[in-house]
Amino acid sequence: MNTSSILAACVLAFGGLTATLAQAQDFPTGPVRILTPFPAGAGPEAVVRVLAEKHQKKWGKPVIVENKPGANGFLAIDAFRRGATDGHDLIQLDNVHLVAYPHLFKKLPYDPVKDFDPVTPLFRTYFFVGVPANSPHKTVGDLLADAKAHPGKLNYGSWSVGNPVHLGSALLESMTGTEMQHIIYKEVSMLYTGVATGELHWSLGSLASAGPMQRSGKIKFIGVTAPKRHAAFPDVPTVAESGGPAGYEVTGWTTIAAPKGLPKAVAEKIQKDIEAALAEPDMKERYAAFGYEPFPVTRDQFNAYIASESTKYADVIKRAKASLD
């Protein structure tokens, strides 16, 4: 390549970079839509709705939250895949969409790698091991000892196959060599009522989902699926401290994702603006109410975390022989 060709290539590259930076600086140029698979009023959706209000003020453009619950989130994902590809359509994804469903469904109506570019996580929440208030199981160790002594007799619950509560419970079985029954409830509220009445021996639950029953004294927490105790419940031991396996950790988290192939400068602007909004004091108050916590990581760290979670749940799903059409 001669000098003239090299100069021409450099000019083109510089021009492209300048255009991309200008595009990022001008973003958004119109209304932004954030699709969410969560119903109105749900904790994860409430976080996105507050973010939308903040970004509408910051960006000076309408930011609309569009709820499309149902069908395992596939309705929201389908609308996103058919939407704008320049960043004006974003989507909130649950962790299962990226790390569990690809291993659970025989046919998935999306490609987690080719369709999404996770911009930044919104929050992370850990789960508590909840048992009936009058349960003879005082610790996770008690529960596991009973499960080992009576294979298949104890039960736990969740609201579907493949959600974090189900897979987190299956992970505990896998790590301890126990066998218990998975009972599916139609609604989350019915699930924790089942724990309170003793229909279920135990269930994982977050502060947002199981907290009301715990506060009313109908269920008790005997462990938290985190590496350290929860600040709001310092008297509740970690699962390891409560006689469970070391290294057992179960989280729920959501992310804002952009279309794959969005220019890096635009994606970084969206990421920076979201992270700034999440750091504001009122967001911290809302997080505390739902039992959420910030999840500050770089893009590279987040992508590495997603990959490790995907590997973990691929093994859990294989061991549980779980599969959905």
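Trainee: Which residues are linked with Arg33 in a network of salt bridges?
Mentor: Glu66, Lys68 and Asp89 join Arg33 in that network. Keep in mind that this is a predicted model.

Trainee: How far apart are N and O in the Glu66 and Arg33 bridge?
Mentor: The distance is 3.3 Å, N to O. Glu66 sits in strand E2, residues 63-67. Arg33 sits in strand E1, residues 32-36.

Trainee: How many salt bridges does a search of the whole structure find?
Mentor: The search gives 16.

Trainee: What about Arg49, which side chain does it meet in a salt bridge?
Mentor: Glu45, at 2.7 Å from N to O. Both residues lie in helix H2, residues 43-59. They are four residues apart, about one turn of the helix.

Trainee: Glu45 first: buried or exposed?
Mentor: Glu45 is buried, with a relative accessible area of 2%. Arg49 is partly exposed, at 33%.

Trainee: On to Arg124. Which residue does it form a salt bridge with?
Mentor: Glu293, with the closest N and O atoms 3.5 Å apart. This pair also links distant parts of the chain, 169 residues apart. Arg124 is in strand E4, residues 116-126. Glu293 is in the loop between H11 and H12.

Trainee: And how accessible is Arg124, buried or exposed?
Mentor: Arg124 counts as buried, at 16% relative accessibility. Glu293 is partly exposed, with a relative accessible area of 28%.

Trainee: Which ring does the charged end of Arg124 sit over?
Mentor: The ring of Phe295. The charged end is 4.2 Å from the ring centre.

Trainee: Let's stay with rings. How many aromatic pairs does the count come to?
Mentor: The count is 19 aromatic pairs. Phe295 and Tyr305 form one that is edge-to-face. Their centres are 5.2 Å apart, with 85° between the planes.

Trainee: Which parts does that pair tie together?
Mentor: Phe295 lies in the loop between helix H11 (281-290) and helix H12 (299-320), and Tyr305 lies in helix H12. So the pair ties together parts that are 10 residues apart in sequence. Phe295 is buried, with a relative accessible area of 8%. Tyr305 is buried too, at 16%.

Trainee: Which residues do ring pairs link into a cluster?
Mentor: Phe74, Phe80, Tyr101, Phe105, Tyr110 and Phe116.

Trainee: Now the packing. Which residues touch the most other members of the largest nonpolar core?
Mentor: Ile91, Phe116, Val129, Trp202, Leu204, Phe221 and Trp253. That core holds 65 residues. H12 supplies the largest share, six residues.

Trainee: What is Phe221 in contact with?
Mentor: Leave aside neighbours within four places in sequence. Then Phe221 contacts Phe128, Val129, Gly130, Leu207, Ala210, Gly211, Gln214, Phe233 and Val236.

Trainee: How many residues are in the second, separate core?
Mentor: The second core has 29 residues, including Val48, Leu90, Val119 and Ile274.

Trainee: Different topic, Asp94. How far is the nearest side chain of opposite charge?
Mentor: That side chain is Arg124, 13 Å away. Asp94 is buried yet has no salt bridge. A bridge here needs nitrogen and oxygen within 4 Å. Asp94 is found in strand E3, residues 89-94.

Trainee: What does Asp94 touch, then?
Mentor: Phe38, Pro164, Trp253 and Thr254, not counting residues up to four places away in sequence.

Trainee: Last one. How far is Asp282 from Val50 in space?
Mentor: The C-alpha atoms are 9.6 Å apart, and the residues are 232 apart in sequence. Asp282 is in helix H11. Asp282 is partly exposed, with a relative accessible area of 30%. Leaving aside neighbours within four places in sequence, Asp282 is in contact with Val50 and Lys54.

Technical notes:
Residues numbered from 1 in each chain as written. Predicted model: local features only at pLDDT ≥ 70, side-chain atom pairs only at ≥ 80, totals over all residues. Heavy atoms only, no water. Helix = DSSP H or I, 4+ residues; strand = E, 2+ residues; numbered from the N terminus. Buried < 20%, exposed > 50% of the residue type's maximum accessible area, 1.4 Å probe, protein only. Lys, Arg positive; Asp, Glu negative; His and termini not counted. Contact = heavy atoms within 4.5 Å. Phe/Tyr/Trp six-rings, centres within 6.5 Å; stacked < 30°, edge-to-face > 60°. Lys NZ or Arg CZ within 6 Å of the ring centre and 35° of its normal. Core = buried A, V, L, I, M, F, W, Y, C linked by side-chain atoms within 4.5 Å.
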